[in-house]
Amino acid sequence: MLGPSGSGKSTFLNIIGGLDQPTSGEIFFKGKNLADFTNHELTYYRREHIGFVFQSYNLVPSLTALENVALVTEISPNPIDPFEALKIVGLEDRANHFPSQMSGGEQQRVAIARALAKRPEVLLCDEPTGALDSETGIIVLEALLKVNKEFGTTTVIITHNAAIAELAHRVIHFADGMIQQIHINKTQKTPQEIDW
Amino acid sequence: MKSVLNQKLLRELLAIKGQVMAITLVMAAGIAIFVIMFGVLDSLKLTRDTYYDRYQFADVFASLKRAPEAVNDRINEISGVSVSQTRVVFDVTLQMETLLEPITGKIISLPDKSSALLNKLYLRKGRMLFPNEENAVLANESFVKAHQLSLGDSLTIIINGFRRTVHIVGVVLSPEYVYSIAPGALMPDSQHFGVFWMSHHSLEAAVNMKGAFNDVSIKLERKVKPDDVLIQVDSILKPYGGLISFTKEDQISNFFVSNELKQLQSLGSLAPIIFLSVSAFLLNIVMSRQIATQREQIGMLKAIGYSNSEVSFHYLKMVLVITTLGAMIGLSLGAWMGKGMIQMYTQFFHFPILNYNFSIKVMVLSVFLCVFSAVLGTLFAVNKAAKLPPAEAMRPESPAVFKKSLLERIGIYQYLSFTSRIVLRQIERRPIKALMSSIGVAFALGILIFSFFMEDSMDYLMYVQYSMTQREDVDISFARSIPSKSLEEIKVIPGVLMVEPIRRVPVYFKHGHLKKRGSITGLIADPKLKRVIDKDLHAVTISSHGIVLNKTLANILKLKVGDIVEVEVLEEKRQTLNIPVSAITQEFIGLGAFMNIYKLNTILDSAPKITGASLLIDPYYSAQFYKKLKAIPAIISVNITSVMRKLFEDIMADNILKMVATNIMFACFISFGIIYNTARITISERSRELASLRVLGLTRAEVAYILFGELTLITLFSLPIGILLGYGMSVGMVQSMNSELYRLPVYLKNSTYGYSVLIILLSAMISFYVVWRQVDSIDLVSAQKGVE
């Protein structure tokens, strides 16, 4: 999802992720209207179906990488092993490090491992590379693409960076709170190929 | 199950261990004081009740001049009377070689044919008396201890004017003398007052009371109201010179014990309740602010699928860990100190056994109060964070709405540095938070002042009592009223500089349906020694018109100046008089009623008589003086002001001040705990902002100025509130401690305010220092990167 600041991308993401309720309108997930969900139902919707990756990582500083992932696997019905999840993002040797001992890219990959560990149907990422330099950004994006390919998880990524859009199957352009255009990429570039 | 969350909990608790300790301390202080005081109170009550019950403490007492034994059958026949036992009781004086001053005491007969049915004795050492045993006595334990006597030692007792040498065969305790106090005295003085028991046969011979009695104790049947019995007893005994009978509530030892317990209840419940509520309040604030700093994490936990209740439970566990720790420390500290405190009471209250009982009820209540309030504070904060949509909670709080502070708006702008402006705007932006912190510190100051208050008040009471009221050196009383002219004999004793007569008459005051047993003290119009003073500390002239009452007695009888009080005289001709109230004074001790002695003699229609005298003596002659005094058999009580004062000061130093010191210690814990926590939380709430300022190039001193500027303003603002709170608590304490025995004056020294404020400022400085070291460790780089 592309668009300038204030165009409504994050609001949209928060609403489809069950973090926020729309003031009007409907959102359907597997035939159910999220707008009618109670708080409790939204909690279970997030717990069972949605994975989040935030721009600012939002790891618990007092927990190690492995434990931050376990935070999710403990409450998920069908999780993958936290250590396996770290392997997928290539951080198995950082499992026992605390967030303060890791770089931004590593922290973000822990956040991705945390999100994918529950085997979510939808992975929502709000500017996952926003705070990262291009090199670490590439590693993070590769991790996301790997999850998309291996698990078939629908992944929604918000970005400012039009180049990142070239990785996507489908690009949605936002402006002034509206969808301006939906554009389908016939071929996708790899993170290595894009021009930051 | 939630092992990772528990891991998080544990690590976070360790990270804030300083704060955890401070909170724990505050809570432990509240609980400890609560447990100490209520534990002591419960133990004393339980011990008293068990003792009275097992040793058959009588319900009704009466004394009289002399009646034949047969009269007792009539008392036994009164409906509602279960047992009535007669005896002979006499006031005695003793001469101990170790003491200059004479000693007074009581001697009581014990039945020979059977053991006593009522007011049984507990044998501590030696043996009971054999039937009809001559020249042997049992002595009360406190007297034996005070004089370091042992079994077999002999004493010279002057009974009814005759000297008798007796020896001690047993050391005993009596439920009638739990608080062993001489008639007319205010404090137990075991050195100068003793109680002795002698075989009835032996004593009645000594005092010429064969086949007669002058004292009766009655046990009522269960659930019988004493009122009717009292009336019938009085009517039976009246012809035999009976004084008005009274219930155990007015029995002198029990009256003092009850009063002490009542006062302990006030002191012991008000102080802990204040401490506990203050700590509960602080726990609430501290926990809610602690949780508030976790707002972003709460948002994240919710975003990844944790439910509100799971998040709340997680933080509740944090509180439960802290409160459990606090409760454990508080309870063990309380139990340990309670044991020490109860020891103190064994000096005053002579019970066979006095153990400290740790009541489960007290324990549960105190812990519950603290936990409840901490949990409330936590839930409030968690709910506030959990109510936000997770997306919003995760974002750093949006820049708050700031405006120019009041000081700037009124134009002092140009005088304020920009760091000062940050401080002022911060406080103005969140006035409620600043106010809550101020109130917390104010409470800490309040309980400090309140803790010091007891000492101030006692000091003032002593000053008024011994420098303004009781200015005599010695106060003597006679066994019965004697002609006024005896005063001349006392005047000529060597060393006597001044003598003033006193006549005390036991009476029954009545006003409408209200009545009160007491006595009228007859004094000369303008006494120089024993004076009556008003609330401005001016001496009151005892005019020959009417009666002067103290406020407490006047309040009991609902009398005001000009009202007529009905007075039933309990001796000689037993007149009923109607006397106008001429003045009401503010006395701190007892239930005083004063009349001009000449007028009193006139209306009693008797020859001029005295029952005692106040003396001023020349210390140079005191040896001769006391020697002469010992030889006057009519004297039954000698109160030496300096001895009483010393006694009072010792009690103060040993006990009340110990209690005060305990309170002060806990108050210091609490004040440090709250200030330290406020500082710590402020820094954790604002670490990012402060780090940014450091990055922008502010020096550590400038950053510290911003941080401590806010805390200093909060502390300064709390001072006047705290002073008011402290004063208010002291007034509350005085009002709840008022008793017939004594009233505490509301009096606070300026130094009390000074010390309390100093302790608060010191706590603040130490906290600042600890937090200051934290400012150093703010991580400039990571603070800039993002939320984590």
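## A tour of chains A and B

Select chain A: of its 196 residues, 44% count as buried. Buried means that 20 or more other C-beta atoms, placed from the backbone, lie within 10 Å of the residue's own; exposed means 12 or fewer, and partly exposed is in between. This is a predicted model, in which local features need pLDDT of at least 70, side-chain atom pairs count only at pLDDT 80 or more, and totals for chains, interfaces and linings use all residues. Residues are numbered from 1 along each chain as its sequence is written, while chains are lettered from A and ligands numbered from 1 in the order in which they are written.

**Stop 1: chain A**

Switch to cartoon. Chain A shows six helices and seven strands. Helices (H or I, at least four residues) and strands (E, at least two) are DSSP runs, numbered from the N terminus. Trace them from the N terminus and the order is α-β-β-α-β-α-α-α-β-α-β-β-β. The radius of gyration of chain A is 16 Å, close to the 16 Å that the globule rule gives for 196 residues, so chain A is as compact as a globular protein of that length. That radius is taken over C-alpha atoms, and the rule is 2.2 Å times the number of residues to the power 0.38. Along the principal axes, the C-alpha atoms of chain A fill a box of roughly 45 × 45 × 25 Å.

Now look at contacts. Two residues are in contact if their C-beta atoms, placed from the backbone, lie within 7 Å. In chain A, 67% of the contacts with a separation of 6 or more join residues 24 or more positions apart.

**Stop 2: chain B**

Select chain B. Its secondary structure comes to 22 helices and 20 strands. The C-alpha trace of chain B spans about 105 × 60 × 50 Å along its principal axes. Of its 788 residues, 44% are buried. Residues 24 or more positions apart make up 84% of the chain B contacts with a separation of 6 or more.

**Stop 3: where the chains meet**

Show both chains. The contact takes 23 residues from chain B and 27 residues from chain A. On chain B, α1 (3-15), α8 (295-303), α11 (390-394) and α22 (780-785) each supply at least two residues of the side that touches chain A. The largest share, six residues, comes from α1(B). This side of chain B divides into 11 nonpolar, six polar and six charged residues. Here Ala, Val, Leu, Ile, Met, Phe, Trp, Tyr, Cys and Pro count as nonpolar, Asp, Glu, Lys and Arg as charged, and the others, Gly among them, as polar.

**Stop 4: α9(B) and α10(B)**

Select residues 308-345 and 360-387 of chain B. These are helices α9 and α10, whose axes come within 9 Å and cross at roughly 150°. That makes α9(B) roughly antiparallel to α10(B). The crossing is right-handed. Residues of the contact include Y315(B) and L316(B) on α9(B), and M363(B) and V367(B) on α10(B). The contact residues divide into 15 nonpolar, five polar and no charged.

**Stop 5: α8(B) and α10(B)**

Angles under 35 degrees count as roughly parallel, over 145 as roughly antiparallel, 65 to 115 as roughly perpendicular and the rest as oblique. Show side chains: R295(B), I298(B) and K302(B) in α8(B) meet V382(B), A385(B) and A386(B) in α10(B). That set holds four nonpolar, no polar and two charged residues.

Conventions. Axes are lines fitted to C-alpha atoms, for helices over the stretch in contact, and angles run from 0 to 180 degrees between N-to-C directions. A crossing is left-handed if the near helix is turned anticlockwise from the far one by less than a right angle, and right-handed if clockwise.
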